[in-house]
Every structure is written in C-alpha cells, then in structure tokens.
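Colleague: Could you walk me through this one slowly, please?
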Amino acid sequence: LPGASFAARVFVEQLSVVGAALAAWGAWAARRGPLGRVLLPGFFLAGPLFVVWANLEPGRPETAAILEPHLVLPLVCAAALAGLGAADLARRWRPGFAAAALAALVVTAGWQRRADAAALAGHRVDFAAWDYGTALAAGLPRGALVLDPDDPTAFTLAYLAAAHGRRPDVTPLLYFRTRWGYEALRRRRPELLPAREI
C-alpha cells in the first residue's frame, strides 16, 4: 500500500494534476481500442507496478533520484493516454467550448511545468563532480585499488576512465559480489582472485 500510494504521488507530480486527469480519462476512453490495449499495460507495468516492485522506501531522499531514469517509458505512455483523453473530450463537447476548455487545460499544465522548471537549480557551472573525480584520480598511486566505493566515487572514476582515458589503471572493487562485476574484475585484474572459479 505505501508503494502504491508513492507511485500515485510520483506520477501525479510528473504529469501534473491536469495531465494525470487527462491520462485517466484517456485510459477509460481507449480501454477497448488497439492503442489502449498497448498503452494501458505499458503504463501500468513499467510505471506503478515497477515502482511498487522496486520496493524503495518512499521517505528516503534518494528514492526519487533512483526511480527517475525508469519513468521515461511509463510517462510516454501516460502522455499518449492524456492526448487520447483530450481528443475524446473534444469529440464529446461543442467545438467552441471544447477548444476553450482544452486551451485552458494546456495553459494550466504548461504554467505548472514552467513553475516546476523555474524551481530547479541550474548546474551548468557546477564542476564539483569533475573537480572531485580529477582530484581523486590525481591522488591515487599507480595501479590503486579502491575498495567498495560509494556510487559518486565509482561512477566518477568510471566516467573519467571511459570518456577521457584518465587513470584506467585504477580499479574500483565494487559489484564484485554480482556475476557481471566478478567477470569484469577477473578480466581486468585476474591476479586479485583465486585461480578457482568462485
């Protein structure tokens, strides 16, 4: 129940109240059509069901950041459903009234999106991650092992090595408890592991 409630809150925040209402209307209007048979499962399986299945604690500050990259597919489906909802409302009402109502909905949703965007801080000139990564890479001895680093450290070092060719000799020891991490470590630094298969 907390996961379902959190999923509902996430998608209302992402779509705006107007967009969520239009998407709900579109889901009802298109439930028996071919688009509805694709968009409804696409939204529910990749959206609310995924959020519930991920089982992340709603109150933690990092939960939204972890989920955000996975919301693109359900939001595309929801946007299409909202379009179907708007089209259905336009068909049901007199043309002049429908056009005015839909224009008001679009302006309201656009204004909310604009307010949301204005509230976000710009990071164009924030080089904290770059400075941290380059300073860390410069301070490590040749062939260094970084044991179980946190995500910012691991991802920054991986980015510097992959995108800029900096310090490919540094080996972050993370994810080695997973199969792919173990295989990557065995390819990169086989001398760190026993000869037998783990």
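Colleague: Which residues in helix α9 are buried?
Modeller: In α9, which spans residues 179–188, the buried ones are G181, Y182, E183 and L185, where buried means under 20% relative accessible area, exposed over 50% and partly exposed in between, with a 1.4 Å probe and protein chains only. Helices (H or I, at least four residues) and strands (E, at least two) are DSSP runs, numbered from the N terminus. This is a predicted model, so local features need pLDDT of at least 70 and side-chain atom pairs count only at pLDDT 80 or more, whereas totals for chains, interfaces and linings use all residues. Residues are numbered from 1 along each chain as its sequence is written, and side-chain values use heavy atoms, leaving out hydrogens and water.

Colleague: And what covers the buried residues of α9?
Modeller: The cover includes β2, residues 171–173.

Colleague: Stepping back, how many helices and strands are there in the protein chain?
Modeller: The protein chain has nine helices and two strands, and along the sequence they follow the pattern α-α-α-α-α-α-α-β-α-β-α.

Colleague: What percentage of the residues in the chain is buried?
Modeller: Of the 198 residues in the protein chain, 32% are buried.

Colleague: What share of the contacts with a separation of 6 or more comes from residues 24 or more positions apart?
Modeller: Such residues account for 64% of those contacts in the protein chain, a contact being heavy atoms within 4.5 Å.
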